[in-house]
Amino acid sequence: MSAPQLMFEEEFEEIQRVCDRLHNESNSKVVFIVDKNGQPIAASGELEDLDITSLATLTAGNIAATGGMASLLAEKEFSTQFHEGESSNIHIQIVGQRVILVVIFDQRSSLGLVRLRVRKTSEELSAIFDRLIAKAATPGISTPLDEITDEDIENLFND
Amino acid sequence: MSFINIASREINCKIVYYGPGLCGKTTNLQYIYGHTNPDAKGKMISLATETDRTLFFDFLPLSLGEIRGFKTRFHLYTVPGQVFYNASRKLILKGVDGVVFVADSQIDRLEANIESVENLKENLNDQGYDLERIPYIVQYNKRDLTHIATVQELRELLNHRSVPDFEAVATMGIGVFETLKAIAKLVFLELKRTHS
């Protein structure tokens, strides 16, 4: 399953709402969603001083490496990962084979609660991403690239 | 694979620097990191061994300005060049929009360059890409060293497709930004072609 190539306003808001809700319901520090290529999609929670771009890339790298291990063991994927630290823990879940849902939490929450909420949220997210992919594949859908001229591209590099 | 976020008005693309071990892929990224406006770059991440050889990848997020109100963001990656890290190289090519092949100009590295291009071709095929079609730039690095092959020789061996190529001394920044601009431009032109 491929990652989404286009994100529209409507679905973006919906995904953001789901992220916000999971953040509240799981008592977590941070929730973020990243595609399998490492592009951050949405984030919620205590984001100040947090480098989401780097975290997203490393998450995707981690999932890619684990996926490589899975295929060597003839497994489809290892859909869940959990990393336990001294004060922070990370729960990583592959959603619909497309995107990665990451929850960072501390002693205010528990692995059981995070797992429970992630499971419920995954189904919801999976449906949104299915819809998003179908929408992006609709013939005639317009993207900003339609309007970009060769001159615009040249101008980007004139400094 | 590019990711266009219409909601946050961003276009994100992935560029991978490929090449044999010690050819200067990481040095290219380090130079870019060291000579870019702080507002335009994120943190550079290097997953390296204790002896500073790339273990998994280097990563540098970079903003290149706006096109029609859309921010353009490039995610630059390197692969580990050492032969036995092939599984990692394959993973990093997932979702790639453009490839820079960094060749080591030294005569005794010619074979390593050729092997690396072959390896790139195979790994791209495994991910469903074709080296003959993907946005691609070749950089002949280490032009300041002695015992180097001529550009003509390197071109014949490594640039069958006659894509834009650049001479470079990555440690001094020569050819580094020219290479980056050229691949970014090719990626945009390809995006425009495939989306229109």
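**Exercise 1. Classify B:Lys14 as buried or exposed, and place B:Lys14 in its chain.**

Solution. Start with the count: 26 other C-beta atoms lie within 10 Å of B:Lys14, so B:Lys14 is buried. The cut-offs are these: a residue is buried if 20 or more other C-beta atoms lie within 10 Å of its own, exposed if 12 or fewer, and partly exposed in between, with C-beta atoms placed from the backbone.

The structure is a predicted model, in which local features need pLDDT of at least 70, side-chain atom pairs count only at pLDDT 80 or more, and totals for chains, interfaces and linings use all residues. Residues are numbered from 1 along each chain as its sequence is written, and chains are lettered from A and ligands numbered from 1 in the order in which they are written.

Next, find the element. B:Lys14 lies in strand S2 of chain B. Helices (H or I, at least four residues) and strands (E, at least two) are DSSP runs, numbered from the N terminus.

Then list the contacts, where two residues are in contact if their C-beta atoms, placed from the backbone, lie within 7 Å. Apart from neighbours within four places in sequence, B:Lys14 is in contact with A:Asn37 in chain A, and with B:His75, B:Tyr77, B:Gly95, B:Val96 and B:Asp97 in chain B.

Last, compare sequence and space. B:Lys14 and B:Val187 are 173 residues apart along the chain, yet their C-alpha atoms are separated by 9.0 Å.

**Exercise 2. State the confidence values given for chain B and for the complex.**

Solution. pLDDT is the predictor's confidence in each residue, from 0 to 100. For chain B the mean pLDDT is 94, and 99% of the residues reach 70 or more. For the complex, the predictor gives an ipTM of 0.87 and a pTM of 0.93.

**Exercise 3. Describe the contact between chain A and chain B.**

Solution. Count the residues on each side: chain B gives 35 residues and chain A gives 30 residues. On the side of chain B, the elements that give two or more residues are strands S1 (3-5), S2 (10-18), S4 (54-67) and S5 (70-78), and helices H2 (86-92) and H5 (176-195).

Sort the residues of this side of chain B by type: 18 are nonpolar, ten polar and seven charged. Here Ala, Val, Leu, Ile, Met, Phe, Trp, Tyr, Cys and Pro count as nonpolar, Asp, Glu, Lys and Arg as charged, and the others, Gly among them, as polar.

Then look for strand pairing, which requires that DSSP finds at least two bridges between two strands. Strand S1 (residues 6-7) of chain A and S1(B) run parallel and are joined by two bridges. In S1(B), B:Asn5 is the bridge partner of A:Met7.

**Exercise 4. Check the length of helix H2 (residues 52-72) of chain A.**

Solution. The expected span of a helix is 1.5 Å times one less than its number of residues. H2(A) has 21 residues and should span 30 Å; the end C-alpha atoms are 30 Å apart, so the two values agree. Buried residues of H2(A) include A:Leu55, A:Ile63 and A:Gly67. Just after H2(A), A:Ala74 takes a positive phi of about 60 degrees.

**Exercise 5. Follow chain A from A:Glu77 into the next strands.**

Solution. A:Glu77 lies in the loop between H2 and strand S4 (80-84) of chain A. A:Glu77 counts as partly exposed because 13 C-beta neighbours lie inside 10 Å. Not counting residues up to four places away in sequence, A:Glu77 touches A:Gly67, A:Ala70, A:Ile94 and A:Gln97.

S4(A) forms a hairpin with S5(A), with four residues between them. S4(A) and strand S5 (residues 89-95) of chain A run antiparallel and are joined by five bridges. A:Asn89 in S5(A) is the bridge partner of A:Glu84.

**Exercise 6. Summarise chain A and find the largest nonpolar core.**

Solution. Chain A has four helices and six strands, in the order β-α-β-β-α-β-β-β-α-α along the sequence. Of its 159 residues, 39% count as buried.

A nonpolar core is a set of buried Ala, Val, Leu, Ile, Met, Phe, Trp, Tyr and Cys residues joined through C-beta atoms within 7 Å. The largest one has 94 residues, and those with the most contacts inside it are A:Ile33, A:Ile100, B:Val16 and B:Phe101. H5(B) gives this core its largest share, nine residues.
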